[in-house]
Amino acid sequence: MSAKRHERTFARRCAVQVLYTSEIQNLAPSVVLEQGLCLVEDGSLSDYAVMLAKGVESHRADIDSRLASVSENWSVERMPIVDRMILRLAAFEMLYCDQVPVSVTINEAVELAKGFGGEDDSPRFVNGVLGQIARSLEAEGAADAVGSPAEEPAAGDAGGGTGDRPASDADGAAPMAAEGSEA
């Protein structure tokens, strides 16, 4: 388990480097990967790093929309490049990688910001933006949980998996549902 965690931590570091290189070179991450334009410490990139980089590329519009909706006083384009790449990577993982808990994704992103962040307050900024995304995912999960069973109480099990992170949201959304934020 520890080895897998270390591998994924390293894969995230590599994926941020690919994303950063693609931004600086004004190339798609897939082009950076195909042309081998990114230096990697231990030879080739892991499958997980490649999946992360390509996933960010594939879902960039949705990711940037999420980032813009939660980042107060910052447009996505104005964010420091490294912070923006870390946020895109983490947002992709939060939205599209069900096997990784949201809290792990946030912690890993904060660690990346400590190591790569362009500003002294990068870790705090990254944590704040990703925390807002996590809360919006919980609220979406709570809204799904509240809306679906209200119409058909037994349908909760049959509906299965229309949300971005159904297992995490269903477990983590219970406290949020009590607040009644849907009005």
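I began with N73, which counts as exposed at 72% relative accessibility. The model is predicted, and I kept that in mind throughout. N73 is found in the loop between α4 and α5. I checked its backbone: phi is near 65 degrees, a positive value in a residue other than glycine.

I then looked up N26, another non-glycine residue with a positive phi, about 55 degrees. N26 sits in the loop between α1 and α2. N26 is exposed, with a relative accessible area of 69%.

**Helix α3**

I tested the length of α3, residues 47-58. At 1.5 Å a residue, its 12 residues should span 16 Å, and the end C-alpha atoms are 16 Å apart, which agrees. Next I listed the buried residues of α3: Y48, A49, L52, A53, G55 and V56. They cover an arc of only 160 degrees around the axis, which puts them on the same side of α3. I turned to the face directed away from that buried side and found the exposed residues D47 and S58 there.

**Core**

Which residues touch the most other members of the largest nonpolar core? I noted L67, I86, L87, M94, L130 and I133, out of 44 residues in that core. Helices α1, α3, α4, α5, α6 and α7 each supply at least two residues of this core. The most comes from α5, with 10 residues.

Leaving aside neighbours within four places in sequence, I133 is in contact with L67, V70, A91 and M94.

I also looked at T21, which is placed in helix α1. T21 is buried, with a relative accessible area of 16%. Not counting residues up to four places away in sequence, T21 touches V32, L37 and C38.

**Salt bridges**

I searched the whole structure and got 8 salt bridges. Side chains of opposite charge can pair when their charged atoms come close.

R12 and E108 meet in one of them, at 3.5 Å from N to O. This pair links distant parts of the chain: R12 is in helix α1, E108 in helix α6, 96 residues apart.

I looked up D64 and R88 next. Their closest N and O atoms are 2.8 Å apart in a salt bridge. D64 lies in helix α4 and R88 in helix α5, so the pair ties together parts that are 24 residues apart in sequence. D64 is buried at 14% relative accessibility, and R88 is buried at 4%.

K114 and E111 also form a salt bridge, with closest N and O atoms 3.1 Å apart. Being 3 residues apart in helix α6, K114 and E111 are separated by about one helical turn. K114 is exposed, with a relative accessible area of 53%. E111 counts as partly exposed at 47%.

R84 counts as buried at 6% relative accessibility. Its side chain reaches the backbone oxygen of V76 at 3.2 Å. Leaving aside neighbours within four places in sequence, R84 is in contact with E23, V76, E77, R78 and M79. I then traced a network of salt bridges that links R84 with E23, R60, D64 and R88.

Conventions:
Residues numbered from 1 in each chain as written. Predicted model: local features only at pLDDT ≥ 70, side-chain atom pairs only at ≥ 80, totals over all residues. Heavy atoms only, no water. Helix = DSSP H or I, 4+ residues; strand = E, 2+ residues; numbered from the N terminus. Expected span 1.5 Å × (residues − 1). Buried < 20%, exposed > 50% of the residue type's maximum accessible area, 1.4 Å probe, protein only. Arc of directions from axis to C-beta. Core = buried A, V, L, I, M, F, W, Y, C linked by side-chain atoms within 4.5 Å. Contact = heavy atoms within 4.5 Å. Polar contact = N/O pair within 3.5 Å; in protein donor to acceptor, adjacent residues only side chain to side chain. Salt bridge = Lys/Arg side-chain N within 4 Å of Asp/Glu carboxyl O.
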